[in-house]
Amino acid sequence: MLTEFLQQLVNGLSLGAIYALIALGYTMVYGVLRFINFAHSDVFMVGAFAGLYLAPLAPAGSILGGLVVVGGAMLASALLGVAIERLAYRPLRQAPTLNVLITAIGVSCLLQSAGQLVFGAAPRSFPVIFPARALSVGGLDFSSNQVVVLVFAAILVIGLRLIVFHTRMGAALRAVSQNPRAARLMGIDNDVVIRFTFALGSALAGAGGVLYAVNYPTIDPLMGVLPGLKAFVAAILGGIGSIPGAALGGLLLGLVETFVGGSQYSTYKDAIAFALLILFLLFRPAGLLGKARIEKV
Amino acid sequence: MPPMPKAHLGFLLALVLGGVLSGLSDRIDPYHLDVLIGVGINIVLAVSLNLIAGHTGQFSLGHAGFMAIGAYATAAVTIFLGPHLIGDTAAPGGLAENTLFGSALLIGGLAAALAGLLVGIPSLRLRGDYLALVTLGFGEIIRVLLQNFEPLGGALGLNGIPAYTTVFWVVAAGAATVFTVGCLVRSNYGLGFLAVRDDEIAASAAGLDPARYKVVAFTVGAFFAGIAGGLFGHFKMTITPSGFDFSRSIEIVVMVILGGLGNTVGVILAAVLLTLLPEFLRPVAEYRLVLYSLLLIGLMLARPQGLFTFRTHRAVPRA
Amino acid sequence: MSTPLLQLSQATVRFGGLTAVDALDLTLGQRELVGLIGPNGAGKTTAFNLITGLYAPASGSVAFAGRPLAGLSPHRIVAAGIARTFQNIRLFGSLSVLDHVRVAGNLHRAAAPWQALIRLRAFRESEAAVTRRAEELLALFNLERFRNTPARSLPYGEQRRLEIVRALATRPRLLLLDEPAAGLNPQEKIELVALIQRVHREFDLTILLVEHSMKVVMGVCQRIAVLDHGKKIAEGPPDAIRRDPAVIEAYLGPDHATALFHH
């Protein structure tokens, strides 16, 4: 009983860690631009495919090889994120939020359909990139890949925190997300900060894509849709705009889903995130760690 | 304001036209008939979403969810109750069958309207992209619930739905949708939908209840989406939960955006265009979705008021 | 004196740690024309938002014609008889001038949505009556030539006037005007004073006026209340307010005894 619980806990945390990585990108972009970047989930997908194409170039089954693949996927995703921002969102900086949202949905559909043309619609199996071993500790069975996911996610979240709180760019990012107008008056170039935000968030999603593929070893161009939506829910749960909130929300959602998935209600697993979303938005729109806003009239 | 009889006359003319087309349907090429029915169903979907998203400004990504509820409820009535009500010997296309179908559509519409009422309530507290997400979540929840509901076929869906959908029913539903939305929006009462979209605070300062308008828009819009679902099921003769997923909702959203939010005529044109386009694009079918998404992005960048809106007022409200 | 039309008792509004309106007492009798003034950030607009139900009081109460307004949503407060305009004009971007007045004129009429479909005789007649009254109101305020113009493309002064007409279309007993003279040129301000006086006279109304232009406030108000930092620091007839040392200090800081209200 306890073993089973601990087992699910490990599984839940490693799924949650991936939600957390994606959720960070949503929350950061929402912080600076106040809109839901629907295309973020497809950046995650492109990250996984970048990993797929990079894998043969790196030594298989080694830590170093794995690092190279994840790093390459992060770079590719960051470039894609910056390109999306430049081409699709920047021209709409002054447009109503709804127009930006619709554009984001368009970009998301474009990445999915273009992905189906370029990568093929059929699921592809993902190669082994990290050393893969089945581990067994005290009756708990897990794979080394789950450990890799957790370690990577922890390092990336800590790294992000360092960047946001201990660099000039991080300070600028926080300034823009608190008050873009005032930040501009203080000599901060909002466009640079926004580009940086997209690069950072997209890189995290790209890492998430590869780590997801490592654990669930087939990938396809629509793979981002559900994890992406759920990660957004995680961001809301944690309090949109809050970085620790996104990490917390991701872990929580991963745990809840895994435990429900292991119960007799497993087929309802995909509905949980949305039920939570609706409940939170209605009763605690600021999320667990977010702050409520007052509307000015 | 247009005089009353004109709208009613148009509605009646459409019914007559539907009857005539239905009577001639033996002489129309079956392929053309299918396309015609597809166009009609999409018009119902797009015009009803336009009431919610266009006129009232409540951006909804869950229209396929309402459609699913209508499709399943209507099919449940005709499959499970139909044989008891009209027997197996009813003449195909006869009065008994059409009465059954008409009542089933009504039930499907009402079931969807009830769901619309439920979804409309969150819209009282949310706006813009948060609302869009809740409606999206609602659509996905409907899909998961249907996948788990074995009496209605579960994930495999419902098969063997009788082919009751005729040109007449489609034209009648299209006319009823356009008539209802048109009459609502053009009345003094209905100006409130636009006012609520433009500025909720100013609307309440003018004595309008924004909550009520939003719930009415969601309920009426969902009702017609449910009817469209019923027509769709009895046209394709088989429905699956995954047929009403997020991408189906997006398809309807694209029609509304392309036509111009709040522009009924434009939205009808867009529904026609986007239903016919894939037929012409068959040779390059795999590029269809790429084209759609580029169209959507291009429109937002270059012509956010839609292809068919020529007045210069702000087409999309500030969220 | 009979029941006051509007009574704020110890009404307080807080945003987090900031007290925007602090224990405000304000009483308006029937057909009074009262000014509410004070430096920027004194809490005037917040007081309006409190009266119209956009904000809820942290403590204290607001009563209209003896009836407490607590918990009423903004549109119900309009239905009860309080209408307002906004400091930053809030018109409907896609409605014509006439439609602004029609939509507001719909208020005191029981038309359910389904009646718009069946269009019985009674419905059509009430539609026509609303439209007719909207046209009368436009004519009364010299806006009829803009009847079909989108409200956004009206000249600025006319936009302000249209907001007042829209408020009047709801048949209020109390009209709250939030800086109606903001952005008007001197000639337009003179016309506005005449307009406010006319509305006050012909529509049998009580008016509460927030305004920065002292010329306008002193010109039309019978009584003036002064807010500073959310508190009421003075109240009285215009002449007394003009000379009140606390008011002068609030506007100019200490050590300024200049007669400030003469520009």
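**View 1. Residues 312-319 of chain B have pLDDT under 50.** In this stretch the model has 24 contacts (heavy atoms within 4.5 Å) beyond four places in sequence. The term pLDDT stands for the predictor's confidence in each residue, from 0 to 100. Where pLDDT is low, the predicted coordinates should not be read in detail. This is a predicted model, in which local features need pLDDT of at least 70 and side-chain atom pairs count only at pLDDT 80 or more, while totals for chains, interfaces and linings use all residues. Residues are numbered from 1 along each chain as its sequence is written, chains are lettered from A and ligands numbered from 1 in the order in which they are written, and side-chain values use heavy atoms, leaving out hydrogens and water.

**View 2. Helix 1 and helix 9 of chain B mark the two ends of its pLDDT scale among elements.** For chain B the mean is 86, with 94% of its residues at 70 or more. Helices (H or I, at least four residues) and strands (E, at least two) are DSSP runs numbered from the N terminus.

**View 3. Six strands of chain C form an open sheet with mixed pairing.** Their order is 6-7-8-3-9-10. Strand 6 (82-84) and strand 10 (231-236) of chain C stand at the edges with a single partner strand each, so one side of each has no neighbour in the sheet. Neighbouring strands are turned by 20° against each other on average, direction ignored; axes are lines fitted to C-alpha atoms, for helices over the stretch in contact, and angles run from 0 to 180 degrees between N-to-C directions. Two strands pair if DSSP finds at least two bridges between them.

**View 4. Strand 3 (residues 33-37) of chain C is mostly covered.** Five of its five residues are buried, that is, under 20% relative accessible area (1.4 Å probe, protein chains only). C:L33, C:G35 and C:I37 lie on one side, with C:V34 and C:L36 on the other. Strand 3 of chain C runs parallel to strand 8 (residues 206-210) of chain C, joined by four bridges, and C:L36 has C:V210 as its bridge partner there. Four bridges also pair strand 3 with strand 9 (residues 223-228) of chain C in the parallel sense, where C:G35 stands opposite C:I224.

**View 5. Helix 6 (residues 156-169) of chain C lies across strand 6 and strand 7 of chain C.** Helix 6 runs at about 160° to strand 7 of chain C.

Notes:
Buried < 20%, exposed > 50% of the residue type's maximum accessible area, 1.4 Å probe, protein only.
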